[in-house]
Amino acid sequence: MEKSIESIWKQGFLNSNALVAPKLNNLYNQKSIHLIDKFKRMFKINLYAIIVGSLLFLGISFLIGIPIMGIGFFLTLTVIVIVNMRLSRSLNKIDKSESSYHYIKAFDNWVKQQVSVNRIMASFYYPLFFFSMVLGFWHYHFNGKQLGEAITNYMILHYPGIGLIYGVPLFIILSVILMMVLLYYLGGRIYNWDLKVVYGGVLRKLDEIIADMEELRS
Amino acid sequence: MSNDFYAISIEPYSAIIIKICRAYTNSQEDFEDYYQEVCLQIWRTRNNFRGQSEWSTWVYRLALNVSLTMLKKMKNNSKYFTSEYLPSGLTENSQTFSDEALNHLYDAIKRLSEVDRGVILLYLEEKSYKEIAEITGTNPNNIGVRIKRIKERLKKILDGKVN
């Protein structure tokens, strides 16, 4: 007589020794490797995007007449890429054969070091970006005249007593310095925000995994 | 995870976790990944259990949800080539159990839709319609009809009437 699926199920498991649970070891092994690989991929893509973006912008800046801005951006971004590429060399040295806890802790330490270096750099590169923008537009030619010169002439005409340093209104120099100082202080925060947008999900997951692993070890 | 927690809260239900994970995987490696992930999720969410249902219901639900999520994740991520993409006959796991009829039944179950697999596993574990509906998040009024339909399909697959 043909067996019903219910009896196949019952008898099958009665006779079977297949209900042996696998050993719970290295619970986070695959997870940590996947997470770190994902971060590495994102980091690499991010660096390539910066290189391509800075080269593209360099070309465009020459085409639209703001080459100083393009060069400033390109040089600043190149320094960022070089520093991060050097940092990523030590990331590749992290030993995967270590226990998953030590592997992920080593990665976490690397992330912390990377974030701290980039946060310090951000205090300098955001003011530099701004300075490059100002210089770029200052030397931009509009209707056959340099934009900076046109602004200076306009200010001299309307405010004859205005102070000048090397032909540039003192007011503008002070405003630019003030803005650069402000960006120096805000650079770290802007970087934190940028970090959260790009790597927020991965870093949150990393903290969760470490917290779980530490609880599991205790 | 303490040994106590595993021994008291997971081990008594390991059979159903194994049965569920087997229904969503085609290789020993995937099966072990799923099993570990289910145990981990049970441990991680243990404080969310409010006692409104049986602990076993909680475990069933988690085992199903984790299996479905992992299946979805693996399908979405083409980087991970898993046994799910292979016909069950080509994978090591098609002869998981010593009982040949059970192997055939599992192969047939794996050909059902993801939710239907969960429904029939719970039915075979003699869960009530209400519990099945609660665990799978389906309408309790339709469970009986749904199970009847799934059983008919399983029978057709086992009889070789469905390719």
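This is a predicted model: local features need pLDDT of at least 70, side-chain atom pairs count only at pLDDT 80 or more; totals for chains, interfaces and linings use all residues.
**Core**

The largest nonpolar core has 40 residues, and the members that touch the most others are Ile17(B), Ile20(B), Cys21(B), Tyr34(B), Tyr35(B), Val38(B) and Ala63(B). Chain A takes part through α1 (5-15), which gives two or more residues to this core. On the chain B side, the elements that do so are α2 (14-24), α3 (28-44), α4 (55-76), α5 (100-109), α6 (114-124), α7 (129-136) and α8 (143-158). With nine residues, α4(B) makes the largest share.

Leaving aside residues up to four places away in sequence, Cys21(B) touches Phe31(B), Tyr34(B), Tyr35(B), Val38(B) and Ser67(B).

**Helix α3(B)**

The buried residues of α3(B) include Phe31(B), Tyr34(B), Tyr35(B) and Val38(B). Asp30(B), Asp33(B), Gln36(B) and Glu37(B) are also among the buried residues of this helix, as are Cys39(B), Ile42(B) and Trp43(B). The end C-alpha atoms of α3(B) are 24 Å apart, which agrees with the 24 Å that its 17 residues should span at 1.5 Å a residue.

**Contact between the chains**

Chain A brings 19 residues to the contact and chain B brings 22 residues. On the side of chain A that touches chain B, α1 and α6 (170-217) of chain A each supply at least two residues. The largest share of that side, seven residues, belongs to α1(A). Its make-up by class is as follows.

| Class, side of chain A that touches chain B | Count |
|---|---|
| Nonpolar | 10 residues |
| Polar | six residues |

How values were computed: Residues are numbered from 1 along each chain as its sequence is written. Chains are lettered from A and ligands numbered from 1 in the order in which they are written. A nonpolar core is a set of buried Ala, Val, Leu, Ile, Met, Phe, Trp, Tyr and Cys residues joined through C-beta atoms within 7 Å. A residue is buried if 20 or more other C-beta atoms lie within 10 Å of its own, exposed if 12 or fewer, and partly exposed in between; C-beta atoms are placed from the backbone. Helices (H or I, at least four residues) and strands (E, at least two) are DSSP runs, numbered from the N terminus. Two residues are in contact if their C-beta atoms, placed from the backbone, lie within 7 Å. Ala, Val, Leu, Ile, Met, Phe, Trp, Tyr, Cys and Pro count as nonpolar, Asp, Glu, Lys and Arg as charged, and the others, Gly among them, as polar. The expected span of a helix is 1.5 Å times one less than its number of residues.
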